[in-house]
Amino acid sequence: MSNRTDWFVHDRFGLFIHWGLYALPARQEWVKSLEEIEDAEYDRKYFSRFEPDLYDPVQWARAAKHAGMKYFVITVKHHEGFCLWNSRFTEYKSMNTPVKKDLLTPMVKAFRDEGIKVGFYYSLIDWHHEDYIIDTHNHPRRNGDIESLNKGRDHNRYIEYLHNQVRELLTDFGKIDILWFDFSFPDKNDPLDLSKGKGKAAWKSEELYSMIRELQPDVILDDRLDLPGAWDVKTPEQFQPRSPYKVDGQPVVWEACQTFSNSWGYDRDVLNYRDSRQLIETLIDCVSKGGNLLLNVGPTGRGEFDYRALERLEDMGNWMRYNNRSIYGCAEAPPEYEKVENCLLTYNRDKNRLYIHILSWPYKHLHLDGRAYIEHVEYAQFLHDASEVPIKGLEPWQEHSALDAGFDSEKTLTLVLPLNSPPVEIPVIELFLK
Ligand code: GLC
């Protein structure tokens with residue numbers, strides 16, 4: 001059965017890009033709300049100075065491709081309301097900043113040219129639009145006299161704007177592979193007061209959904225429109241699920257969205273970048289639980305990827321070059337294959353191969369417990385150089401103490417490893433199964 005998420009669960013690894021005016025303050029994409037910056041000040045400082053002169057989307061696309069990423073999701077409009085494309089429905093767009101360009105069209109082209117699928121992130125929330133009902137949760141002006149601040153604001157006009165922009169995005173840019181809305185916050189106390197929260201009724205999510213499906217029947221939709229049953233992918237954010245994701249007890253398609261350093265937008269002063277090894281491990285961890293990883297870069301105000309992100313993408317790509325067979329087309333191991341100490345497992349069902357990612361190098365032997373390994377493993381090799389990994393227990397002269405030492409060939413398949421870990425960030429053993 002062909003499903004609109006088939007390519008997605010095969011490809012596993014995508015690039016998130018958070019880029020907007022907030023690249024200039026360089027203190028996260030929430031800066032306008034966190035620091036309660038008024039529109040006029042925000043625009044005077046940032047809108048009037050947005051000029052990414054080094055912007056070269058071809059370089060971005062190449063960095064993503066090298067890393068092994070197969071799709072990307074760009075914030076065409078984030079909560080600040082600023083648009084990266086030449087929308088007919090607003091003047092609040094890159095065309096009207098000093099850069100004077102539609103930044104989205106060349107980006108979409110550059111990524112497509114590299115064979116990378118295209119996703120748009122669109123913020124339902126809008127801290128700039130004059131008809132957006134100011135709310136007490138996250139709006140930069142949430143602490144004023146909300147009622148009087150909201151006077152004259154016409155929510156329906158905002159919703160029309162939102163629907164028009166979504167139509168425009170799904171009409172003018174060819175086939176869009178992913179649409180990523182962010183986010184609903186239905187009010188628990190008073191669903192009628194839009195200053196307390198906004199959910200599916202406020203966004204007219206059902207109408208939006210019909211339009212989306214009419215315009216782009218195959219587009220993959222995230223789960224933040226507040227429409228149970230209508231989404232394609234669950235999007236855990238800034239945490240890793242502990243096992244394959246389930247909703248109401250049923251396994252679902254899921255994708256963890258993660259940052260290098262806890263910020264989505266460019267954050268100059270943040271120092272806690274995760275290292276390449278951690279990030280590779282996160283990717284493997286996702287796939288070992290049947291999920292995807294959407295890893296985020298926040299480009300600078302001059303239009304370049306942060307150098308720290310670039311270094312890590314480069315390292316991930318070097319790992320992927322040799323090991324992507326354990327990522328693409330893979331998911332969690334079938335349950336009969338027991339967990340292996342200090343390892344993560346992935347499995348390719350079409351090829352019937354199991355991949356063991358060794359996180360900590362053992363002393364010579366890798367023990368695979370359980371009959372499934374004994375009965376099904378035909379051959380083992382390292383993935384990076386296709387060198388055989390012998391399957392056998394101990395040398396004859398060691399066997400007298402085998403059982404005492406916990407070597408039990410009735411219950412365990414034992415692989416013999418080289419003394420030192422091969423020069424690969426996380427080595428992978430490929431098991432051919434019968
Ligand atoms: C949150 C944040 C937002 C970010 C998103 C990514 O909802 O509001 O800044 O874009 O997560 O998942």
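This is a predicted model: local features need pLDDT of at least 70, side-chain atom pairs count only at pLDDT 80 or more; totals for chains, interfaces and linings use all residues.
Strands here are DSSP runs of E with at least two residues, numbered from the N terminus.

**First stop: Ser123**

Select residues 117–123, which make up strand β3, and then pick out Ser123 within that strand. Is Ser123 buried or exposed? Because its relative accessibility is 0%, Ser123 counts as buried. Now display the surroundings of Ser123: apart from neighbours within four places in sequence, the residues in contact with Ser123 are Lys77, His78, His79, Tyr158 and Asp182.

**Second stop: the two domains**

Colour residues 3–326 as domain 1 and residues 343–433 as domain 2. Their C-alpha centres are 41 Å apart, and the contact between them draws on twelve residues from domain 1 and 16 residues from domain 2. Together the two domains bury about 1400 Å², with 59% of that area on carbon and sulfur atoms. To see where domain 1 makes its contribution, select Arg277, Arg325 and Ser326, which supply 45% of the area that domain 1 buries against domain 2, more than any other three residues.

Next, look for polar links across the boundary, where six residue pairs at pLDDT 80 or more are in polar contact between domain 1 and domain 2. On the domain 1 side, helices α10 (276–288) and α11 (307–323) each provide at least two of the residues that touch domain 2, and α10 gives the largest share, seven residues.

How many salt bridges does the rule find across the interface of domain 1 and domain 2? There are two. Select Glu430 together with Arg325, which form a salt bridge whose closest N and O atoms are 2.7 Å apart. Then move to Arg277 and Glu425, whose side chains meet in a salt bridge at 3.9 Å from N to O. Arg277 belongs to helix α10, while Glu425 sits in the loop between β15 (412–416) and β16 (428–433), so this pair ties together parts of the chain that are 148 residues apart in sequence. Arg277 is partly exposed at 24% relative accessibility, and Glu425 is likewise partly exposed, at 41%.

For the first, select Arg4 and Asp232, whose closest N and O atoms are 2.5 Å apart. This pair links distant parts of the chain, with Arg4 in the segment before α1 (6–11) and Asp232 in the loop between β5 (220–221) and β6 (246–247), 228 residues apart. Arg4 is partly exposed, with a relative accessible area of 28%, whereas Asp232, at 12%, is buried because it falls under the 20% limit.

For the second, go to helix α3 (residues 39–45), where Lys45 and Glu41 lie four residues apart, about one turn of the helix. Their side chains meet in a salt bridge at 3.9 Å from N to O. Lys45 has a relative accessible area of 32% and is partly exposed, as is Glu41, with 33%.

Note on methods. Residues are numbered from 1 along each chain as its sequence is written. Side-chain values use heavy atoms; hydrogens and water are left out. Buried means under 20% relative accessible area, exposed over 50%, partly exposed in between (1.4 Å probe, protein chains only). Contact means heavy atoms within 4.5 Å. Domain bounds come from an automatic or database domain assignment. Buried area is the accessible area (1.4 Å probe) that two parts lose on being put together, summed over both. A salt bridge is a side-chain nitrogen of Lys or Arg within 4 Å of a carboxyl oxygen of Asp or Glu. A polar contact is a pair of N or O atoms within 3.5 Å; within protein, one must be able to donate a hydrogen and the other to accept it, and residues adjacent in sequence count only if both atoms are side-chain atoms.
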